[in-house]
Amino acid sequence: MSNERPETGAFFQRDRQWQPPAYTPGYKTSVVRSPQKALISLDNTLSEITGPVFGHSMLGALDADLIHNFAKAGESAIGPRIIVHGRVLDERGKGVAGALVEVWQANAGGRYRHKKESYLAPLDPNFGGCGRVITDADGSYCFRTIQPGPYPWPNGVNDWRPAHIHFSVFGHGFAQRLITQMYFEGDPLIWRCPIVATIPDRAAVEGLVAALDMQATIPMDARAYKFDIVLRGRRSTLFENRLEGN
Amino acid sequence: MVQPLNRLKESASQTAGPYVHIGLTPNFCGIEGVYADDLGAAMVNDKTRGERITVRARVIDGTGTPLKDALIEIWQADAAGLYNSPSELRGAADPNFAGWGRLASDMETGLFEFSTIKPGRVPFKDGRLMAPHITFWIVARGINLGLHTRMYFSDEQDANAEDPLLQRVEHKNRVPTLIAPRDGDVYTFDIHLQGEKETIFLDI
Ligand SMILES: [Fe+3]
């Protein structure tokens, strides 16, 4: 990373036809939490182009192992064991090195470890539900967990979330900040979910569905899912001093 | 036919949901022993340069109710106006100030209290100085795509008057939604998601 030119370009404009709009009445909570006035557009300044750096040294040994990072010594979380791996890329297709990827999820029964959670499925005493990893030089990351269960939620009287893992991704600039969710190939609940349905474009939804990746499985241990995440790309600053107002 | 551009599309955003704390502030919500500290919880130490301030924020929905399940990240320059980032080419920022903070709102009151320093001025693209400001990113249940805005300082009237972003706001009666009033060391920033007082949000 140190041999590369510092990145100082503005990020590509966000495609707001592709991203979910703020007001999505099928997801009821959005109704009173959605701005109604037009956003003010501003080409990135230093305040958006820059961002903090997270070093690998901040990570603990078990941060990327949700099966064990909350478990008692010698025990492990209950559920189908999986590896989730992939790359953080930008819109140019380049790997984003040093990206902080933080994940959280329900346990195998679909229950979160949270005081506001009331689903009747039991807590797993050995499962906390959080993990984090920092991407390698080519943008790749990997963590180990258990496959979360689907769960019901108060929206319609009988809405169920598909099994999912929440992802928070921190790239190189504050304007790249993104939170999303990973879904699992073949889950019939994906296409019934009002939160998924906030995304207007079917291809954009499919971009959040991780594929079963048999090549990355560990025999007799864990299946694997591959999930790539794309952050906003940056404009090149190569000619910025010469081409006024291009 | 032409050659394909081979650009990728940004991954679609999804709401942070009501349990964002588990992932981003686990110690705050009682999941202890996984990470030593919640990232971004402490922004300053004894050696940080600059004027100590508190930023007291709330995020308020269209019914006037403060959100009790929101999460805010802030990003700001140091006291000299330098960002602690590899993309900052003008100089080295204060090594005792990362410039980044993250908090969940208090689950009873909806209040956020960031202990930080007042940032210096940072240049706009054309070299004019922007007024001191803190960049905000807000996520919560019911917010499908994180919201970007900025907080400016009420005691920086001259700088605010020449700030390139504030100047470009057409409806001047909305500018005060970005300016936090000062009381002692405390700046209060109420972020209104909707309604008469809707905060200016940015597409940046
Ligand atoms: Fe969830």
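Guide: Note that this is a predicted model. Start with A:Arg16 and B:Asp203, whose closest N and O atoms are 2.8 Å apart.

Visitor: Why is the pair A:Arg16 and B:Asp203 called a salt bridge?

Guide: The limit is 4 Å between a side-chain nitrogen of Lys or Arg and a carboxyl oxygen of Asp or Glu. The closest N and O atoms here are 2.8 Å apart, so A:Arg16 and B:Asp203 qualify. The count between chain B and chain A is eight salt bridges.

Visitor: Which elements of chain B give two or more residues to the side that touches chain A?

Guide: Among them are helix H1 (20-24), helix H3 (164-168), strand S5 (133-140) and strand S10 (202-203). The largest share, six residues, comes from S5(B). By class, that side of chain B has 41 nonpolar, 20 polar and 18 charged residues.

Visitor: What makes strand S1 of chain A and S10(B) a pair?

Guide: Pairing needs at least two bridges. Two bridges join S1 (residues 40-41) of chain A to S10(B), so they pair. The two strands run parallel. A:Ile40 stands opposite B:Leu202 in S10(B).

Visitor: How much area do chain B and chain A bury between them?

Guide: About 7500 Å², with 58% of it on carbon and sulfur atoms. In chain B, the residues that lose the most area to chain A are B:Glu10, B:Gln14 and B:Asp203. Together they make up 12% of what that side buries.

Visitor: How many residues are in contact?

Guide: 79 residues of chain B are in contact with 90 residues of chain A.

Definitions and conventions. Residues are numbered from 1 along each chain as its sequence is written. Chains are lettered from A and ligands numbered from 1 in the order in which they are written. This is a predicted model: local features need pLDDT of at least 70, side-chain atom pairs count only at pLDDT 80 or more; totals for chains, interfaces and linings use all residues. Side-chain values use heavy atoms; hydrogens and water are left out. Contact means heavy atoms within 4.5 Å. Buried area is the accessible area (1.4 Å probe) that two parts lose on being put together, summed over both. Helices (H or I, at least four residues) and strands (E, at least two) are DSSP runs, numbered from the N terminus. Ala, Val, Leu, Ile, Met, Phe, Trp, Tyr, Cys and Pro count as nonpolar, Asp, Glu, Lys and Arg as charged, and the others, Gly among them, as polar.
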